[in-house]
Amino acid sequence: MSKLRILYVASEINPFLKTSDVADFVRKLPQAMQERGMEIRILVPRFGLINERKNRLHEVVRLSGINIAVGDEEKPLIIKVASIPTAKLQVYFIDNEDYFQRKYVFHDKENRFYADNDERAIFFCKGVLETVKKLGWAPDIVHCNDWMTALIPLYLKTTYKNDPMFKDTKSVFTVYNNAFEHRFEGDIIEKARMMDIDDEMLAELKTADFPGFIRIGCAYADAVVRAEEESSESLNAILTDLPEHKFDAAEDEDVAERYYNLYTQLAG
(Lines give C-alpha, C1' and ligand atoms only; values in the text may rest on other atoms or scores of the structure.)
Protein backbone atom coordinates (compact mmCIF):
# COMPACT_ATOMS: atom_id res chain seq x y z
CA MET A 1 0.00 0.00 0.00
CA SER A 2 1.37 3.44 -0.94
CA LYS A 3 1.79 6.13 1.69
CA LEU A 4 -1.36 8.00 2.65
CA ARG A 5 -1.18 11.65 1.66
CA ILE A 6 -2.55 14.07 4.25
CA LEU A 7 -3.01 17.79 3.59
CA TYR A 8 -3.37 19.93 6.72
CA VAL A 9 -5.07 23.30 6.33
CA ALA A 10 -5.28 25.81 9.19
CA SER A 11 -5.11 29.50 10.06
CA GLU A 12 -1.88 29.13 12.06
CA ILE A 13 0.98 26.81 13.01
CA ASN A 14 3.82 26.94 15.49
CA PRO A 15 6.55 28.21 15.36
CA PHE A 16 5.45 30.73 12.71
CA LEU A 17 2.29 32.04 14.41
CA LYS A 18 0.28 31.13 17.50
CA THR A 19 -2.94 32.85 18.58
CA SER A 20 -4.86 29.75 19.76
CA ASP A 21 -4.62 25.99 20.34
CA VAL A 22 -4.91 25.44 16.59
CA ALA A 23 -1.23 26.37 16.17
CA ASP A 24 -0.01 23.66 18.58
CA PHE A 25 -2.35 21.00 17.21
CA VAL A 26 -1.28 21.60 13.60
CA ARG A 27 2.37 21.56 14.66
CA LYS A 28 2.19 18.21 16.50
CA LEU A 29 -0.29 16.07 14.54
CA PRO A 30 1.35 16.27 11.08
CA GLN A 31 4.70 15.24 12.55
CA ALA A 32 3.05 12.33 14.39
CA MET A 33 1.48 11.18 11.11
CA GLN A 34 4.76 11.60 9.24
CA GLU A 35 6.44 9.38 11.84
CA ARG A 36 3.74 6.78 11.12
CA GLY A 37 4.75 6.75 7.45
CA MET A 38 2.27 9.23 5.95
CA GLU A 39 3.19 11.91 3.38
CA ILE A 40 2.36 15.39 4.64
CA ARG A 41 1.72 18.88 3.24
CA ILE A 42 0.64 21.91 5.32
CA LEU A 43 -1.03 25.12 4.08
CA VAL A 44 -1.68 28.27 6.14
CA PRO A 45 -2.20 32.00 5.42
CA ARG A 46 0.85 34.26 5.45
CA PHE A 47 -0.47 36.73 8.02
CA GLY A 48 1.55 39.93 8.44
CA LEU A 49 2.82 38.96 11.89
CA ILE A 50 4.91 36.20 10.31
CA ASN A 51 8.42 37.55 9.84
CA GLU A 52 9.55 36.32 6.43
CA ARG A 53 13.23 37.00 6.98
CA LYS A 54 13.42 35.41 10.43
CA ASN A 55 11.43 32.36 9.32
CA ARG A 56 13.17 32.10 5.92
CA LEU A 57 10.05 32.22 3.79
CA HIS A 58 10.59 32.40 0.08
CA GLU A 59 8.19 32.63 -2.83
CA VAL A 60 7.52 29.53 -4.93
CA VAL A 61 7.30 31.21 -8.31
CA ARG A 62 6.04 28.14 -10.17
CA LEU A 63 3.01 27.97 -7.82
CA SER A 64 2.25 31.70 -7.76
CA GLY A 65 0.51 33.74 -10.43
CA ILE A 66 -3.04 32.37 -10.23
CA ASN A 67 -5.98 34.74 -9.73
CA ILE A 68 -8.66 33.71 -7.22
CA ALA A 69 -12.22 35.00 -7.62
CA VAL A 70 -13.98 36.37 -4.54
CA GLY A 71 -17.33 37.56 -5.81
CA ASP A 72 -16.78 39.88 -8.76
CA GLU A 73 -13.15 40.54 -7.88
CA GLU A 74 -10.07 38.52 -8.75
CA LYS A 75 -7.09 38.60 -6.43
CA PRO A 76 -3.57 37.34 -7.21
CA LEU A 77 -2.37 34.32 -5.26
CA ILE A 78 1.21 34.23 -4.01
CA ILE A 79 2.68 31.05 -2.53
CA LYS A 80 5.61 31.02 -0.13
CA VAL A 81 7.30 28.14 1.64
CA ALA A 82 9.42 27.53 4.74
CA SER A 83 10.59 24.55 6.75
CA ILE A 84 9.93 23.83 10.42
CA PRO A 85 13.47 23.90 11.83
CA THR A 86 13.07 20.92 14.19
CA ALA A 87 11.08 18.68 11.84
CA LYS A 88 11.24 17.48 8.25
CA LEU A 89 8.07 19.37 7.42
CA GLN A 90 7.50 22.07 4.83
CA VAL A 91 4.79 24.69 5.31
CA TYR A 92 3.24 26.49 2.34
CA PHE A 93 1.87 29.98 2.92
CA ILE A 94 -1.02 31.54 0.99
CA ASP A 95 -0.39 35.25 0.52
CA ASN A 96 -2.14 38.24 -1.04
CA GLU A 97 -1.29 41.89 -0.55
CA ASP A 98 -4.86 43.04 0.11
CA TYR A 99 -5.84 40.26 2.51
CA PHE A 100 -2.82 39.16 4.49
CA GLN A 101 -0.16 41.88 4.60
CA ARG A 102 -1.44 43.44 7.83
CA LYS A 103 0.22 43.56 11.23
CA TYR A 104 -2.65 41.72 12.91
CA VAL A 105 -4.54 38.47 12.34
CA PHE A 106 -8.35 38.75 12.64
CA HIS A 107 -8.65 42.02 14.63
CA ASP A 108 -7.09 45.45 14.09
CA LYS A 109 -5.05 47.33 16.70
CA GLU A 110 -8.30 48.60 18.26
CA ASN A 111 -9.44 44.95 18.57
CA ARG A 112 -12.13 45.42 15.90
CA PHE A 113 -12.87 42.32 13.85
CA TYR A 114 -11.86 42.87 10.23
CA ALA A 115 -15.01 43.33 8.13
CA ASP A 116 -13.46 41.36 5.26
CA ASN A 117 -12.46 38.27 7.27
CA ASP A 118 -15.11 36.37 5.31
CA GLU A 119 -13.38 37.28 2.02
CA ARG A 120 -10.00 36.35 3.48
CA ALA A 121 -11.35 32.92 4.45
CA ILE A 122 -12.98 32.38 1.05
CA PHE A 123 -9.80 33.42 -0.77
CA PHE A 124 -7.77 31.11 1.45
CA CYS A 125 -10.04 28.07 0.90
CA LYS A 126 -10.10 28.51 -2.87
CA GLY A 127 -6.39 29.27 -2.95
CA VAL A 128 -5.52 26.10 -1.03
CA LEU A 129 -7.16 23.83 -3.60
CA GLU A 130 -5.68 25.66 -6.56
CA THR A 131 -2.24 25.45 -4.95
CA VAL A 132 -2.58 21.69 -4.47
CA LYS A 133 -3.53 21.35 -8.14
CA LYS A 134 -0.39 23.26 -9.14
CA LEU A 135 1.70 21.10 -6.83
CA GLY A 136 0.40 18.05 -8.68
CA TRP A 137 0.02 16.29 -5.35
CA ALA A 138 -3.26 14.37 -4.89
CA PRO A 139 -4.21 14.19 -1.19
CA ASP A 140 -6.09 11.20 0.23
CA ILE A 141 -7.29 13.33 3.16
CA VAL A 142 -7.66 17.09 3.54
CA HIS A 143 -7.75 17.88 7.25
CA CYS A 144 -9.37 21.30 7.75
CA ASN A 145 -8.95 23.10 11.08
CA ASP A 146 -11.24 25.83 12.45
CA TRP A 147 -13.78 28.12 10.80
CA MET A 148 -11.40 29.71 8.28
CA THR A 149 -11.09 26.38 6.41
CA ALA A 150 -14.80 25.48 6.52
CA LEU A 151 -15.57 25.88 2.81
CA ILE A 152 -12.98 23.36 1.61
CA PRO A 153 -15.16 20.25 2.23
CA LEU A 154 -17.95 21.88 0.17
CA TYR A 155 -15.60 22.74 -2.70
CA LEU A 156 -14.19 19.19 -2.70
CA LYS A 157 -17.69 17.72 -3.08
CA THR A 158 -18.78 20.14 -5.82
CA THR A 159 -16.36 22.17 -7.97
CA TYR A 160 -13.44 19.75 -7.58
CA LYS A 161 -15.24 16.40 -7.30
CA ASN A 162 -14.37 15.36 -10.88
CA ASP A 163 -10.87 16.78 -10.84
CA PRO A 164 -8.34 13.90 -11.09
CA MET A 165 -6.36 15.48 -8.25
CA PHE A 166 -9.29 15.25 -5.82
CA LYS A 167 -11.59 12.53 -7.14
CA ASP A 168 -10.87 10.17 -4.19
CA THR A 169 -10.11 12.83 -1.56
CA LYS A 170 -11.94 12.75 1.79
CA SER A 171 -12.15 15.65 4.23
CA VAL A 172 -11.92 15.96 8.02
CA PHE A 173 -13.10 19.14 9.76
CA THR A 174 -11.87 19.81 13.31
CA VAL A 175 -13.90 22.38 15.23
CA TYR A 176 -12.43 24.66 17.92
CA ASN A 177 -13.84 27.09 20.49
CA ASN A 178 -12.69 30.11 18.49
CA ALA A 179 -16.09 31.75 18.03
CA PHE A 180 -16.50 35.41 17.05
CA GLU A 181 -19.59 37.61 17.39
CA HIS A 182 -19.27 39.50 14.11
CA ARG A 183 -21.89 39.17 11.36
CA PHE A 184 -20.55 39.81 7.86
CA GLU A 185 -22.20 42.29 5.52
CA GLY A 186 -22.60 42.00 1.76
CA ASP A 187 -23.47 38.94 -0.29
CA ILE A 188 -21.39 36.19 1.28
CA ILE A 189 -23.12 33.58 -0.92
CA GLU A 190 -21.96 35.35 -4.07
CA LYS A 191 -18.41 35.64 -2.71
CA ALA A 192 -18.20 31.96 -1.81
CA ARG A 193 -19.79 30.57 -4.97
CA MET A 194 -17.77 28.48 -7.42
CA MET A 195 -18.55 26.34 -10.44
CA ASP A 196 -21.18 23.63 -9.84
CA ILE A 197 -22.40 25.28 -6.63
CA ASP A 198 -25.94 26.65 -6.38
CA ASP A 199 -27.32 28.89 -3.63
CA GLU A 200 -29.01 25.98 -1.85
CA MET A 201 -25.65 24.30 -1.27
CA LEU A 202 -24.47 27.47 0.45
CA ALA A 203 -27.63 27.88 2.52
CA GLU A 204 -25.85 27.13 5.82
CA LEU A 205 -23.68 30.19 5.20
CA LYS A 206 -26.59 32.63 4.89
CA THR A 207 -26.32 33.67 8.55
CA ALA A 208 -22.91 35.15 7.61
CA ASP A 209 -21.45 34.44 11.04
CA PHE A 210 -19.29 31.94 12.95
CA PRO A 211 -22.05 29.29 13.31
CA GLY A 212 -22.70 29.57 9.57
CA PHE A 213 -19.10 28.71 8.74
CA ILE A 214 -19.08 25.81 11.21
CA ARG A 215 -22.40 24.43 9.92
CA ILE A 216 -21.27 24.39 6.31
CA GLY A 217 -18.00 22.71 7.24
CA CYS A 218 -19.88 20.04 9.20
CA ALA A 219 -22.43 19.54 6.42
CA TYR A 220 -19.88 18.58 3.76
CA ALA A 221 -16.95 17.05 5.66
CA ASP A 222 -16.61 13.27 5.70
CA ALA A 223 -15.73 13.43 9.41
CA VAL A 224 -16.09 16.17 12.02
CA VAL A 225 -14.02 16.26 15.19
CA ARG A 226 -14.46 18.45 18.26
CA ALA A 227 -11.02 19.61 19.44
CA GLU A 228 -12.04 20.46 23.01
CA GLU A 229 -14.36 18.56 25.31
CA GLU A 230 -16.06 21.73 26.54
CA SER A 231 -17.70 23.64 23.70
CA SER A 232 -19.61 26.92 23.67
CA GLU A 233 -23.42 26.81 23.55
CA SER A 234 -23.44 27.80 19.88
CA LEU A 235 -21.02 25.00 19.01
CA ASN A 236 -22.88 22.44 21.10
CA ALA A 237 -26.10 23.26 19.25
CA ILE A 238 -24.38 22.59 15.91
CA LEU A 239 -22.51 19.45 16.96
CA THR A 240 -25.32 17.71 18.87
CA ASP A 241 -26.92 16.15 15.78
CA LEU A 242 -23.76 14.94 14.06
CA PRO A 243 -23.73 11.36 12.75
CA GLU A 244 -22.35 8.74 15.12
CA HIS A 245 -19.12 8.10 13.22
CA LYS A 246 -17.93 11.59 14.10
CA PHE A 247 -16.03 11.79 17.39
CA ASP A 248 -14.57 14.08 20.06
CA ALA A 249 -10.76 14.13 20.01
CA ALA A 250 -10.78 15.42 23.58
CA GLU A 251 -12.14 12.09 24.83
CA ASP A 252 -9.01 10.18 23.78
CA GLU A 253 -5.65 10.21 25.48
CA ASP A 254 -3.88 9.20 22.29
CA VAL A 255 -5.33 11.71 19.85
CA ALA A 256 -2.73 10.93 17.18
CA GLU A 257 -3.66 7.25 17.16
CA ARG A 258 -7.35 8.09 16.85
CA TYR A 259 -6.67 10.37 13.89
CA TYR A 260 -4.42 7.76 12.29
CA ASN A 261 -7.24 5.23 12.48
CA LEU A 262 -9.74 7.77 11.15
CA TYR A 263 -7.54 8.66 8.17
CA THR A 264 -6.94 5.04 7.20
CA GLN A 265 -10.65 4.23 7.58
CA LEU A 266 -11.71 7.17 5.40
CA ALA A 267 -9.11 6.41 2.75
CA GLY A 268 -10.45 2.86 2.53
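These legends go with close-up views of a predicted model.

**View A. Lys 126, a buried lysine without a salt bridge.** Lys 126 belongs to helix α4, which covers residues 117-135. The nearest side chain of opposite charge is Glu 190, and that one is 8.1 Å away. Leaving aside residues up to four places away in sequence, Lys 126 touches Ile 68, Ala 69 and Val 70, the tyrosines Tyr 155 and Tyr 160, and the run Lys 191, Ala 192, Arg 193 and Met 194.

View B. Phe 106 sits in the loop between α3 and α4, while Trp 147 sits in the loop between β7 and α5, so the pair ties together parts 41 residues apart in sequence. Phe 106 is buried at 13% relative accessibility, and Trp 147 is buried too, at 2%.

**View C. Phe 184 and Phe 213, an edge-to-face pair.** Here the rings are 6.1 Å centre to centre, with 75° between the planes. Phe 184 comes from the loop between β8 and α6 and Phe 213 from helix α7, 29 residues apart. Both are buried.

**View D. A cluster of linked rings.** Ring pairs join up a set of residues, among them Phe 47, Phe 106, Trp 147, Phe 184 and Phe 213. Tyr 99 is also in the cluster, and the charged end of Lys 75 sits over its ring, 5.2 Å from the centre.

**View E. Arg 102 over the face of Tyr 114.** Arg 102 lies 4.6 Å from the ring centre of Tyr 114.

Definitions and conventions. Residues numbered from 1 in each chain as written. Predicted model: local features only at pLDDT ≥ 70, side-chain atom pairs only at ≥ 80, totals over all residues. Heavy atoms only, no water. Helix = DSSP H or I, 4+ residues; strand = E, 2+ residues; numbered from the N terminus. Buried < 20%, exposed > 50% of the residue type's maximum accessible area, 1.4 Å probe, protein only. Lys, Arg positive; Asp, Glu negative; His and termini not counted. Salt bridge = Lys/Arg side-chain N within 4 Å of Asp/Glu carboxyl O. Contact = heavy atoms within 4.5 Å. Phe/Tyr/Trp six-rings, centres within 6.5 Å; stacked < 30°, edge-to-face > 60°. Lys NZ or Arg CZ within 6 Å of the ring centre and 35° of its normal.
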